[in-house]
Each structure stands twice: as structure tokens, then as C-alpha cells.
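This report covers the fold of one chain and the contact it makes with another.

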Amino acid sequence: MDIQINKEGNVTTVVLAGRLDTPASQPAAAALEPVINDASGTIVLDCKALEYISSSGLRIFLTIRKAAMAQGGSVVVKDINDDIRNVFMMTGFLNLFDIR
Amino acid sequence: MRQSARAGLLLVLVAALTLQATSLLQFLLARKGMREECSRRAESELETTKAKIMDIINVAETAVRNSAWVASLSLEMPDSMLAVTRRLVADNDVIMGSTIAVVPGYLKGRPLFSPYTYRSADSLAFSSLATEEYNYPEKEWFTKPLELGSDYWSEPYVDVGGGELLMTTYSFPIKDRFGKTAAILTADISLDWLTEVVDNIELYPEAFSMMLSREGEIMVCPAESLVMRTNVYEASANFEDTTVHRLSKAMLSGQYGNMPIKFNGKVNQVFFAPVERTGWSMSIVIPESEIYGGLRRTAWLVSLLQLLGLAMLVLIIRAVFINSIKYKEINDKKERMENELKIGHGIQMAMVPKIFPPFPERNDLDISASLVSAKEVGGDLYDFHIRDEKLFFCIGDVSGKGIPASLLMAVTRSLFRSVTGHENSPRRIVTIMNESMADMNENNMFVTLFCGTLELATGHMRYCNAGHNPPYLFTDKIHKLLAVPNLPLGIVGDFEYVEQEIDLEYDDALFLYTDGVTEAENANKELFGDDRLKAVLSTRRTAQGQLDAVNAAVSEFVAGAPQSDDITMLFLHYLKEDRTKTKQHHLVLHNRIDEISKLADFVNLVAEDAKIDSSLAMSLNLALEEAVTNVVMYAYTDGADGPVEVDSLISDGSLSFIVSDKGTAFDPTASPDVDITLDASQREIGGLGIHLVRTIMDEVSYKRENGRNVLTMTKKL
């Protein structure tokens, strides 16, 4: 799992690459804590290179979503592949996110 | 051949000529050197001797001259003349006698006057030479100085009166106060010492010295009988060989030099030098055999050694020549034989199947074989072919090596082909082969053979082992196939072979080999052995991959040590799928989060078996991960280590995962499902895992069994 965070003005871009499975979720959550704490702007989750996601990964997505909501920001999920879109569908996450 | 013989001869000839030429040159140079050395020594010896003689001559001359003035005065008083001579003799040891002989008529009243003093025994005696019978005015010692007007050394003579001594007389003219020669003063000198001085010359053992007088009389010579009795000059005048005469002439004319003369059949070098004042000539005669004696011997020795060397050279060249003929013959023979063996190798390799994969259209069988002969031709064989959906295969090893073994290998393989053309039973196949080979086995050779028939449709395999090492069987583990050894082919014609059978399942494999594999030896004489072989084979590979891996491992092990035996292998992988059979995978994890990563590979393995696509595989991975995560997080109390077991089962068109643990009883299926329709602010963080399991799988069931939580999830395929 590889995570890169770029903040430009009001927009924070998070590039997620690899498998966000249960073991990867703990370090991923730690890495994303600054984003969660400062979620007042626009957070773009770039999922172009995200291969896999489990419920632990989904929880991080949901946590970011809730933080943005609380701080008046917004979350955009970009370029998810079909398999992950399927997972989003199965969990009702398609309705919770602005997926582009 | 002839050319090299000629070249050899020429070589000897050139060597001989070169040797001879160099030794001749060396001989000549040495001869010249020795000759020069001899000349130097002879000349210096002559000089030394001459100096000794001249010493005495000078003593005598000086003594006489010193007395000349007194003698001149005595002319006035003739009676004092005897005293003068007496003084001269008394004072000089070399002077044996002395006289003053007055010119006849000079003294009035005394026509002849010559008082004489001479040594007699230990004292001096006196007499007069003025006697009629002696008549001194006619003597040479008197006439010559008068005639010459100067002093004069007489010819040597033997003094008959005084003990046969060799004598010479020195005469000195005495003038009166008017300058007229009035008398002759003489000193008789003994030449005893001369022989001694001259004989002292010892240049070479056989060399000798000779002294000639002015007239050619022999004064000194080793043959004493000749002394003063032979005039060489006169005697040699009539010789046929003129060299002696020429030599004496040269000597008498006061020359220095040397000349070869021949006498007693030998060549001698004569070195000569004049003795001034006396007119004598001194010579040293050296036989040439003395001068060059050593050289001659050395030359002979050198020549002999050279001859020996040349003889050896001839022998060596002859031996080399004969060897080279033999070597070439052997080489030609060897080359022909190697060519024939190469052709033999080609024929032999053409007899065994060697295009792999041999049955590319079949997907129920992966078979590959290899044969690496230790020599050009070998005695190992393998063969296989399919008839009536049966695979007939064999591997064998002929006793012995080389051409006999290769011929028997060809016979064995032909028999196998012809017998397997109509017989199905390995026992029958081996029995028929054994009978015909025992019949024609006159050389007591035999063949070990493992022969099998595999029903490709069912995996049923029958086999018969004729003394060969049993193959390895690959099921879920690797072990040696149980095989009755029986007897090798060709030993006992009516031997009753035992046939065995086994059912191969999908993915089972057989590895057949000859002992060349396990007995491959490295430089330390260690064998490759079964353990190394098993270790290599334990990795899953294609049939060809297994053979390549074993060959590589053996090569690495022997590390260039020469191959001592043929290395032959056959790998047979049975891949007929049976839909009715279940396939299972099993995985055990620790209850740690990082262990969950192992599930991805496990699911890939299962997906490959079940031939499902990657999207479904990912979903199944997700479902399994959620189920396992649940156990890892909650089944065991904090910190306790416990296993989580995962089994997969593909059966009758469905795939099941069974997750089990020994933790606290917990039924995940009992928890209510999450409401996925809620909006973000209302969504709970948990509960998603079991929801995904339920959504992805078709059936999820939980049971508590023997103290274990067992969760079974099934997906229809």
C-alpha cells in the first residue's frame, strides 16, 4: 500500500495505490490522520492505482467522509476500477460518495 | 614417410659435418696455439742457455784481454812470459792452460818461444810448446788470429793429453809498442760445463739439445759416441734427404730459426740459435709427437665422443620416425572409429523419442525424457508411445558400456516397440522380451527395465519391473513407487515376472531414471544420491522443467568431473481431470493481522483450480478476508495465540471456504445486517465485514463443532 498526500490551496489530493486490505488499513489510517483532522476543503481520493479494498479500508473512506461533513468540506472519489466500484455498490458506498 | 626419413638422414649428415668442421677448426687453432707456445718456450730456452754460455765466454775473454797489456810488456823480457800465463791460469777457474806464443823470428836467438802453464791435477805445471814435433806456428789457434788480426775462438777439440776433455782455445794477438803483432796470448777453456748447461734444457721429456761447432762438429749431443767424431755438415752433404744438410748449413751460417727434420721415421722441430763470438750453433730438437701429443689424444677422444653422439642421434631419429608412423596409424584408426561412433550416436538417438512435447494435442499428459550418454554410444534407453489410449513406456539400462551395450540397447528398444504393438500387459511385455533376449544372450549381458502401461482415461497403471531401480511417485508427497525387483532381462529365460498396479490421480506424476543420475560422481568421489534428487524434484515444474532442473543440479554437483555413466530420465505427469473428484486446499494462519495477507495467494491458487476469473477471485478474497479478520480480531482473548484454519473445496460446480478456529464460541451470522441505505452521518463504522460475506457468497453457515467455530461459505460457480 502506497499513500501520497498533496495539498494545493483548498484541495487535498490523496493518491492510493495497491491493496488496502486489513493489514494495510492500520498504517493507512495513521497516514491519513492529517487529512481527517483538516477536512474543511476538498479532499480528492485518487483511486486509479487502488487494486483492492476490504471493509477496514472502507471504514477509512467513511471516516474521511464523516470528518469532511463535520468540518464543512467535501470528498471526491476518483477513478475507481470496476471491482472496487462493485464493492462500493455492495456496501451502499456509491450513494455516500461523489464518485467521478 | 620417405620424406621424413630423408629429412632425418639429412639432419644427421648436417650435424656430422658441422661437428667435424668445428672440431677440425678447434684442432687447428689449438695446434697453432701449441706450436706457438712451443716456439716461445724453445726460443726462450735457447736465449737462457746462450746467456749462460756467454757468461763463461766473457769471463775468459775479459781475463785474457786484461792480461794482454802485461803480455805486451813481457815481449821486452821474454822470461817473464811464463809468469803472465801462470797468473792467468791461477786467477781463472775456467782457464785450463795458457801460453804466449811468440811470432817466429821476433825474438832474436829464439826462433820459437812459447812458455805454457796448465792445470795438472790440483796444481799448475809448466812446459814449452816450442818443440819441433808440436810446431805451434802451424796450429790453427796461432795462425787464425794472425791472419785475422783479431782475437779468435778455435774449433773445439779433444785434449788427448789431459783426460780427454773437450776444449777450445781463445787466442788474442799481442802487439809490441810499435803496433806490430808479436805474439799470441791464449787461454784454453774446458767445455765440460757446456754439456752440463746444454743438457739442462728439459722442455719436453723426449726433447734434446745439440750444439755444433763453427765447422759442423757435434760438440754436445745425447749420443756421446758422436761427440767430436761427426761433422754433421759434411756427413749430411750426401744424404738423400736434404733437410739435414740445409739445417746444418743454416745453423753454421749463424742464423736463428727453426726447421722440421725427419729422423727415425718421426718429424721433429729443430729450433736453433747462434752463440756469438764462438761461431757455435745451439739447437733444441723436439719430436712433433711431443708438441702435439696431448692434442692428438684429445682430438681422438673428441672424435670418438662425436661419433657416439651421432650414432645416438641416428638411433633417436629412427625411433621417432618409427613412432610417428605408428602414431599416425593409430590416429587414423582412432579418427575413423570416432566418426563411426558419432554415426552410432546419431542412430541411437534416432531410436528414442526426442521431440518434446511428444503429444502436443493432449492435455491429459505431460511427458518428457532425456538421455545423456557418458560415451559416444551408451547402453541406456527409454521409450514410450500411445496405442488404444494406453501409454506404453519404459526405461532401461544395459549392463556394460560402449558398443556392445549400445547394440543390446538397440535390440531391447526394438523388442519393446514390437511387443507393445500387440501386448497390453507389462508382465507379458517383459516376459516376451526376456525370453527372446535370454535365447540370444551368449555374452551374458543383461538389461534392467521398468515397463508400464497407463490407461490414460482412468489413470490406472500396470507396471512390471525387471531389476530396475523403482521410479519416484509424486502424489501429495514424493516417495519411491513400490516395485518388486524381479530379475533383469536376459538372465533366466523362463522367469515368472510379477506385475503390479496403481491408480494415478489428476496431477500425480512418475519420475523414472537410471542409476547414472543418483550415482553421478563429483571430483571427491561423492555420489549425487537420492536426497539431492528428491530435493530438486520437490518443486513443482513441468515435465521438461523437472528434467532440466535435475540435469542442471547434477552438472553443478559434478562440477566438470567426467561423466562415468549414462544419465537417463523420464518424467510423466498425469493431468486427466476428473470432475467428480473434489479438490482441496488447506491453509493455517496465526491470529495476527499481518497473516491475513497470505489469503490473496491462497485464493489465487483456488481460483486457478476452479478456473474462475479475476473479478470473482477478488470478491472471494474479500469475503474470505472479512471472515478471517473477524476470527483474528475476536475469536481469541487478547494476546492469546491461536490458529485459524482455512479450507477450500471445489466440488460439483461450487466452491466452499471453511474457516475454523478454537476460540470462544461466536456466530457472526447471528449479528444483524447493516442498513446500507442510510446516509453518511447515520452509517455505523462496523458491521461491513459480515455484510460483504453475506453479499458475496451464496450460502453462509456457522456451527460450533468439537470446541471449534466452523464458518462455511459457499459460492456457486
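Two bridges join strand 4 (residues 74-78) of chain A to strand 5 of chain A, and the two run parallel. Within this pair, V76(A) stands opposite D98(A) in strand 5 of chain A. Strands are DSSP runs of E of at least two residues, helices runs of H or I of at least four, both numbered from the N terminus; two strands pair if DSSP finds at least two bridges between them.

The model is predicted: local features need pLDDT of at least 70 and side-chain atom pairs pLDDT 80 or more, while totals for chains, interfaces and linings use all residues. Residues are numbered from 1 along each chain as its sequence is written, and chains are lettered from A and ligands numbered from 1 in the order in which they are written.

The five strands of chain A form an open sheet of mixed pairing, in the order 1-2-3-4-5. Strand 1 (2-8) and strand 5 (98-99) of chain A stand at the edges with a single partner strand each, so one side of each has no neighbour in the sheet. Along the sequence, chain A follows the pattern β-β-α-α-β-α-β-α-α-β.
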